[in-house]
Amino acid sequence: MAGNRVKKEAVISWEGTLEPDLAGYRLFVGTVPGAYGPPQTILVPSTSISCAEAGIISDGQYYITVTAYDTAGNESEKATELPFEMDTIAPFTPTGLVVF
């Protein structure tokens, strides 16, 4: 499943949780389904991060998920994985422009 094609300015966002002791979120990014690198920590109240801030800057297929964690260190299950494709290459320049 290829997922959405996005440009480098894309923003990743999610619906936040309402726990009073919520400390933040952890964004997991990988290039293979279910296999992620170290998480990017996002502190509350933010529920979004740009692809560039998350280190997603090269063309290719990516898989992301997010967890929530509280001040006691408890962490939620991972959200449903979302696939998408980063596309930073512009289309070819049109040619053959004429006026009749």
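**Entry 1: the nonpolar core**

I began with a definition: a nonpolar core is a set of buried Ala, Val, Leu, Ile, Met, Phe, Trp, Tyr and Cys residues joined through side-chain atoms within 4.5 Å. Buried stands for under 20% relative accessible area, exposed for over 50%, and partly exposed for what lies in between, with a 1.4 Å probe and protein chains only.

I note that this is a predicted model, in which local features need pLDDT of at least 70 and side-chain atom pairs count only at pLDDT 80 or more, while totals for chains, interfaces and linings use all residues. Residues are numbered from 1 along each chain as its sequence is written, and side-chain values use heavy atoms, with hydrogens and water left out.

Which residues touch the most other members of the largest nonpolar core? I found Ile12, Leu27 and Ile56, in a core of 18 residues. Strands S3 (22-30), S6 (60-70) and S7 (82-86) each supply at least two residues of this core; strands (E, at least two residues) and helices (H or I, at least four) are DSSP runs numbered from the N terminus.

I then looked up Leu27 by contact, that is, heavy atoms within 4.5 Å. Apart from neighbours within four places in sequence, Leu27 is in contact with Ile12, Pro39, Gln40, Ile42, Ile49, Ala54, Ile64, Thr65 and Val66.

**Entry 2: the charged residues**

Side chains of opposite charge can pair when their charged atoms come close. I applied the rule for a salt bridge: a side-chain nitrogen of Lys or Arg within 4 Å of a carboxyl oxygen of Asp or Glu. The count comes to one salt bridge. In it the side chains of Glu75 and Arg26 meet at 3.3 Å, N to O. Glu75 lies in the loop between S6 and S7 and Arg26 in strand S3, so the pair ties together parts that are 49 residues apart in sequence. Glu75 is partly exposed, at 41% relative accessible area, and Arg26 is partly exposed as well, at 22%.

Asp70 is buried yet has no salt bridge, and the nearest side chain of opposite charge, Arg26, is 8.2 Å away. For charge, Lys and Arg count as positive and Asp and Glu as negative, with His and the chain ends not counted. A polar atom of the Asp70 side chain lies 3.0 Å from the backbone nitrogen of Ala72. Not counting residues up to four places away in sequence, Asp70 touches Asp21, Leu22 and Ala23.

**Entry 3: Thr67**

Is Thr67 buried or exposed? Thr67 counts as buried, at 3% relative accessibility, and it lies in strand S6. I found a polar contact of 2.6 Å joining the side chains of Thr67 and Glu75. A polar contact is a pair of N or O atoms within 3.5 Å; within protein, one must be able to donate a hydrogen and the other to accept it, and residues adjacent in sequence count only if both atoms are side-chain atoms. Beyond four places in sequence, the residues that Thr67 touches include Arg26 and Glu75.

**Entry 4: the aromatic pairs**

I counted rings of Phe, Tyr and Trp (its six-membered ring) as paired if their centres lie within 6.5 Å; planes under 30 degrees apart are stacked, over 60 edge-to-face, and the rest tilted. The structure holds three aromatic pairs. One of them, Trp14 with Tyr25, is edge-to-face, at 5.5 Å centre to centre and 65 degrees between the planes. Trp14 counts as buried at 14% relative accessibility, and Tyr25 is buried at 4%. The rings of Tyr62 and Phe84 have centres 5.8 Å apart and planes at 25 degrees, so the pair is stacked. This pair links Tyr62 in strand S6 to Phe84 in strand S7, 22 residues apart.
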